[in-house]
Amino acid sequence: QLQLVESGGGLVQPGGSLRLSCAASGFTLDYYAVAWFRQAPGKEREGLSCITASGSGTNYADSVKGRFTTSRDNAKKTVYLQMNSLKPEDTAIYYCAAYSSLRTYFCPIDPTSYDYWGQGTQVTVSS
């Protein structure tokens with residue numbers, strides 16, 4: 001059974017940092033592009049970033065470019081989202097998602113492209 005589990009969320013002050021993890025089980029992550037999304041109350045799900053299966057390509061939404069970085073360790077079957085300079089408007093539930101793709105340099109941050117989803121982890125940015 002393919003599963004993705006996010007962890008690392010929590011409460012952080014504005015300007016602080018958090019690192020989210022997305023751990024895969026039941027399948028080999030090597031052949032999957034992985035993306036991060038978030039959804040705040042009353043808002044649509046927003047694509048943040050993605051990383052190709054090999055890790056050679058990444059893509060970021062303008063809202064997080066320069067503040068968030070995604071990386072992966074296929075040996076650990078884990079993808080990370082390093083979030084720096086956090087703002088109150090970053091408060092949301094954060095999800096990771098995967099889809100099978102061997103494209104080297106491109107991945108989408110459109111939620112309709114992704115087949116497998118984690119359950120989400122809450123990130124709250126507040127003083």
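A search of the whole structure, which is a predicted model, finds 7 aromatic pairs, where rings of Phe, Tyr and Trp (its six-membered ring) pair if their centres lie within 6.5 Å, and planes under 30 degrees apart count as stacked, over 60 as edge-to-face and the rest as tilted. In one of these pairs, Phe 27 and Tyr 32 have ring centres 4.8 Å apart and planes at 70°, so the pair is edge-to-face. Phe 27 is buried, with a relative accessible area of 9%, and Tyr 32 is also buried, at 13%; buried means under 20% relative accessible area, exposed over 50%, and partly exposed in between, with a 1.4 Å probe and protein chains only.

Ring pairs also link Phe 37, Tyr 95, Tyr 99, Tyr 114 and Trp 117 into a cluster. The charged end of Arg 45 sits over the ring of Tyr 95, 4.1 Å from its centre, and Arg 45 lies over the face of Trp 117 as well, at 4.7 Å from the ring centre. A charge sits over a ring if NZ of Lys or CZ of Arg is within 6 Å of the ring centre and within 35 degrees of the ring normal.

The disulfides come next. A disulfide is a covalent bond between the sulfur atoms of two cysteines, and here a pair of cysteine sulfur atoms within 2.5 Å is counted as one, which gives 2 disulfides.

| Disulfide | S to S distance |
|---|---|
| Cys 22 and Cys 96 | 2.1 Å |
| Cys 50 and Cys 107 | 2.1 Å |

The link of Cys 22 and Cys 96 is right-handed, with 70° about the S-S bond. This pair links distant parts of the chain, with Cys 22 in strand S3 (residues 18-25) and Cys 96 in strand S9, 74 residues apart; helices (H or I, at least four residues) and strands (E, at least two) are DSSP runs, numbered from the N terminus. Cys 22 is buried at 1% relative accessibility, and Cys 96 is buried at 0%.

For Cys 50 and Cys 107, the torsion about the S-S bond is about 90°, so this disulfide is right-handed. Cys 50 in strand S5 (residues 46-51) and Cys 107 in the loop between S9 and strand S10 (116-117) are 57 residues apart.

Residues are numbered from 1 along each chain as its sequence is written. In this predicted model, local features need pLDDT of at least 70, side-chain atom pairs count only at pLDDT 80 or more, and totals for chains, interfaces and linings use all residues, while side-chain values use heavy atoms, with hydrogens and water left out.
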